[in-house]
Amino acid sequence: MKQLRIAIVGYGTAGQAAAVLLGRDGHDVSVFERVPAPGPVGAGFLLQPSGLQVLWRMGLLPQVLAHGARVDRLFGDTPCGRPVMDMRYDGLDSRLYGVGLQRGALFSILDAAWEGRPERLQPGCEIVDVDAEAGVLRDACGDTHGPFDLVVVADGAASRLRGLVAPPRVDRPYPWGALWCLLPAGSWPHVAELRQRYVAARKMIGLLPVGGRPDDPTRRLSFFWSLRTDAFDQWEADGLAPWMDELHRLWPEARDVFAHLTDPAQLARARYRDTTMKRWHRGRVVLVGDCAHAMSPQLGQGVNMALLDAEALTAALRDAPSLEAALPAYQRERRAHVWIYQLWSRWLTPVFQSERDAVAKLRDLAFRPMGRMPGGKGQMLRVLTGTQRGLVGRLGLEEEFVDALGSPQPPEAAVADRACQLGRSGLLAQEIRRDSSPSPTSGAFG
């Protein structure tokens, strides 16, 4: 397809990745971000092999591995020590693992990878309306921008623009959210594990190693405490002392980590949505990331799905003869992968965040045995790693990528060559498409 003039609304992970990939394919990209000074802030998250493969194709895997923390195991138990969940990536393939990363670290890595940033990023510009047929944007000050050949809406789970494409089939907030912050890892012993502690489904505490940032090498843990959103204000009004007492009682082994919690202002409040769209595109407008398919974080797939969306949209624009053909192709490709995660997320959320004690008791009894049943382990690992596609299909992981992930230090020459091939020139599009095709792997759920 010819070079397009493209506007991206939003500079989160989906918008950043789209800017990098579309720019590398030769499109004229401009990004509009409502925050006046976008920067490296945010919680930690878990990059799965599905998302890591996208970053590998972008030539950014070495930076991610340098700043992130390898995660081999996801383990959850009750305060009395009863294991509830124990999943290991090597049950799928001994070379696979997840990477805990600070959102700020990924922001900095993607920000540095977008060559057009200095001239093409317009911060402090809130887009409030888009003419889907003309490709014209209107900002909060009443100014217009465009016309553009394509408008990529990437304004997140709380999107105000998704309704311009179509009425959502489902769009509702979850009653449960979380308090979160980043804490120094110190001497925390579980350096390669996501650790969680559960009290029925009413309380969930988590510690995820997330490494450092380019501007701050201190290794940190992402801490979260599950809480109903309508209880946020009461939690703050009650003060820190009673909550800290409860925290120490439920997880005494983490007392040294929790010692860094000294002020309620340290903890940010996270809210989640469940959003399913009838359509992801209309006219010249297309949705990517949480804007198109917000879900609860139970499966930890938000950032990974955003990266896959950006890659799939870029490939569709590269391969299709026209914009009219590219956008439906993008939607078909991504919907075939996303829908099963939205379904699982919707059903799993009450199992871990609700007041349904009977459901929680059943979870505690059945979750681990289900993972040991024939077929159950593989299914769970495929969902975890982001490689489940539909009920029985798989999202392919390239053997070259799995080898690179399994190598402690990928050869710099090979990394540089791959980045040049896949990112900069766009001259090897046919090779990229061959490499991107699904291929058999030796494992599937982590």
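Trainee: Where does Asn304 sit?

Mentor: Asn304 is in helix α10. Keep in mind as we go that this is a predicted model.

Trainee: Buried or exposed, that Asn304?

Mentor: Asn304 counts as buried, because its relative accessibility is 0%.

Trainee: And what does Asn304 touch, leaving out residues up to four places away in sequence?

Mentor: With those set aside, Asn304 touches Leu46, Leu47, Gln48, Ser50 and Gly51. The C-alpha atom of Phe45 is 9.7 Å from that of Asn304, although 259 residues separate the two along the chain.

Trainee: Which helix holds Glu311?

Mentor: Glu311 lies in α10, which covers residues 302-319.

Trainee: Why does Glu311 count as buried?

Mentor: Because its relative accessibility is 18%, and the cut-off for buried is under 20%. Not counting residues up to four places away in sequence, Glu311 touches Leu21, Val54 and Arg57.

Trainee: Switching to helix packing: how do the axes of α2 and α14 cross?

Mentor: The axes of α2 (residues 49-57) and α14 (residues 399-406) come within 10 Å and cross at roughly 95°. So α2 is roughly perpendicular to α14.

Trainee: Which residues meet there?

Mentor: From α2 you have Pro49, Leu52, Gln53 and Trp56, and they meet Glu400, Phe401, Ala404 and Leu405 of α14.

Trainee: Now the sheet with β16 in it. What is the strand order?

Mentor: The order is β6-β5-β15-β16-β17-β14-β18, an open sheet of seven strands with mixed pairing. Its edge strands are β6 (83-88) and β18 (268-270), each pairing on one side only. On average, neighbouring strands are turned by 20° against each other, direction ignored.

Trainee: How enclosed is β16 by the rest of the structure?

Mentor: Largely enclosed, because 10 of the 11 residues of β16 (residues 203-213) are buried.

Trainee: And how does β16 pair with β15?

Mentor: β16 and β15 (residues 193-199) are antiparallel, with five bridges. Tyr198 stands opposite Met204 of β16. The hairpin of β15 and β16 has three residues between the strands, and Ala200 there takes a positive phi near 50°.

Trainee: What about β16 and β17?

Mentor: They run antiparallel too, joined by seven bridges, with β17 covering residues 216-228. Ile205 has Trp225 in β17 as its bridge partner.

Trainee: Then in which sense do β5 and β15 pair, parallel or antiparallel?

Mentor: Parallel: β5 (residues 73-77) and β15 share five bridges. The partner of Leu74 is Leu194 in β15.

Trainee: Which helix lies across β15, β16 and β17?

Mentor: That is α7 (residues 240-250), running at about 100° to β17. Another helix, α12 (residues 357-370), lies across β6 and β15 and runs at about 25° to β6.

Trainee: Zooming out, how many helices and strands does the chain have?

Mentor: The protein chain has 16 helices and 23 strands. Of its 446 residues, 54% are buried. Taking contacts between residues at least 6 apart in sequence, 75% join residues at least 24 apart.

Trainee: What is the mean pLDDT?

Mentor: The mean is 86 for the protein chain, and 90% of the residues reach 70 or more. Over residues 410-446, however, pLDDT is below 50, and that stretch has 73 contacts in the model beyond near neighbours in sequence.

Terms used
Residues numbered from 1 in each chain as written. Predicted model: local features only at pLDDT ≥ 70, side-chain atom pairs only at ≥ 80, totals over all residues. Heavy atoms only, no water. Buried < 20%, exposed > 50% of the residue type's maximum accessible area, 1.4 Å probe, protein only. Helix = DSSP H or I, 4+ residues; strand = E, 2+ residues; numbered from the N terminus. Pairing = 2+ DSSP bridges. Contact = heavy atoms within 4.5 Å. pLDDT = per-residue confidence, 0-100. Axes fitted to C-alpha atoms, helices over the stretch in contact; angles between N-to-C directions. Parallel < 35°, antiparallel > 145°, perpendicular 65-115°, else oblique.
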